[in-house]
Amino acid sequence: QVQLVESGGGLVQPGGSLRLSCAASGSIFSPNLMGWFRQSPGKQRELVAVFSSGGLASYAESVKGRFTISRDSAKDTVSLQMNSLKPDDTGVYYCRLYGRLSYWGQGTQVTVSS
């Protein structure tokens with residue numbers, strides 16, 4: 001089993017910044033991908049950014065240039081720095097560790113509103 005513990009999130013005004021962090025523990029398999037997904041009101045859960053254990057990062061087009069994902073493989077943590085936030089970024093953000101198995105965090109709310 002793998003446990004994912006998220007931190008960060010909250011309420012921020014448009015143009016502001018937030019940082020999300022996720023720590024994995026347990027029987028972590030490799031290779032794997034670790035990243036962030038979000039579910040906005042009325043929409044399906046979507047990929048935001050992901051970092052492979054091989055060191056490659058990928059982003060959704062909507063967040064490129066604004067969000068930066070980083071990963072510390074030695075500590076099994078992944079972080080998401082979110083800048084220039086927009087109201088459309090509002091949603092529940094989930095950490096995910098996946099590969100031959102898939103695990104999700106409990107989710108953390110991000111609200112971008114004035």
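Some housekeeping before the tour. Residues are numbered from 1 along each chain as its sequence is written, and side-chain values use heavy atoms, with hydrogens and water left out. Since the model is predicted, local features need pLDDT of at least 70 and side-chain atom pairs count only at pLDDT 80 or more, while totals for chains, interfaces and linings use all residues.

Let's start with the sheet. Strands here are DSSP runs of E with at least two residues, helices are runs of H or I with at least four, and both are numbered from the N terminus. Two strands pair if DSSP finds at least two bridges between them. With that in hand, please find the open sheet of 4 strands, which has the order β1-β3-β8-β7 and antiparallel pairing. β1 (2-7) and β7 stand at the edges with a single partner strand each, so one side of each has no neighbour in the sheet. From one strand to the next, the twist averages 15 degrees; the axes behind such angles are lines fitted to C-alpha atoms (for helices, over the stretch in contact), and angles run from 0 to 180 degrees between N-to-C directions.

Now the pairings inside that sheet. β3 and strand β8 (residues 77-82) run antiparallel and are joined by 6 bridges. Leu20 has Leu80 of β8 as its bridge partner, and Ser21 stands opposite Ser79, also in β8. The hairpin of β7 and β8 has 4 residues between the strands, and Asp76 takes a positive phi near 55 degrees in it.

Next, the disulfide, meaning a pair of cysteine sulfur atoms within 2.5 Å. How many disulfides does a search of the whole structure find? It finds 1, and that disulfide joins Cys22 to Cys95, with S to S at 2.1 Å. Cys22 lies in strand β3 (residues 18-26) and Cys95 in strand β9 (residues 91-98), so the pair ties together parts that are 73 residues apart in sequence. The torsion about the S-S bond of Cys22 and Cys95 is about -80 degrees, so this disulfide is left-handed. Are the two cysteines buried or exposed? Cys22 and Cys95 are buried, where buried means under 20% relative accessible area, exposed over 50%, and partly exposed in between, using a 1.4 Å probe and protein chains only.

A stop at Thr108, please. Thr108 is found in strand β11 (residues 108-112) and is buried, with a relative accessible area of 12%. Its side chain reaches the backbone oxygen of Gly8 at 2.9 Å. Leaving out residues up to four places away in sequence, Thr108 touches Glu6, Gly8, Gly9, Leu20, Gly91, Val92 and Tyr93; contact means heavy atoms within 4.5 Å.

On to the aromatic rings. Rings of Phe, Tyr and Trp (its six-membered ring) pair if their centres lie within 6.5 Å, and planes under 30 degrees apart count as stacked, over 60 as edge-to-face and the rest as tilted. By this rule the count is 4 aromatic pairs. One of them is Phe37 with Tyr98, which is edge-to-face, at 6.0 Å centre to centre and 70 degrees between the planes. This pair links distant parts of the chain, with Phe37 in strand β4 (residues 33-39) and Tyr98 in strand β9, 61 residues apart. Phe37 is buried at a relative accessible area of 10%, and Tyr98 also counts as buried, at 17% relative accessibility.

The rings of Tyr94 and Trp104 have centres 6.2 Å apart and planes at 90 degrees, so that pair is edge-to-face too. Tyr94 lies in strand β9 and Trp104 in strand β10 (residues 102-104), so the pair ties together parts 10 residues apart in sequence. Tyr94 is buried, with a relative accessible area of 14%, whereas Trp104 counts as partly exposed at 35%. Ring pairs link Phe37, Tyr94, Tyr98 and Trp104 into a cluster.

Last, a loop residue. Ser62 sits in the loop between β6 (57-59) and β7 and is partly exposed, with a relative accessible area of 40%. Ser62 and Ser27 are 35 residues apart in sequence and 33 Å apart in space, C-alpha to C-alpha.

Definitions and conventions:
Polar contact = N/O pair within 3.5 Å; in protein donor to acceptor, adjacent residues only side chain to side chain.
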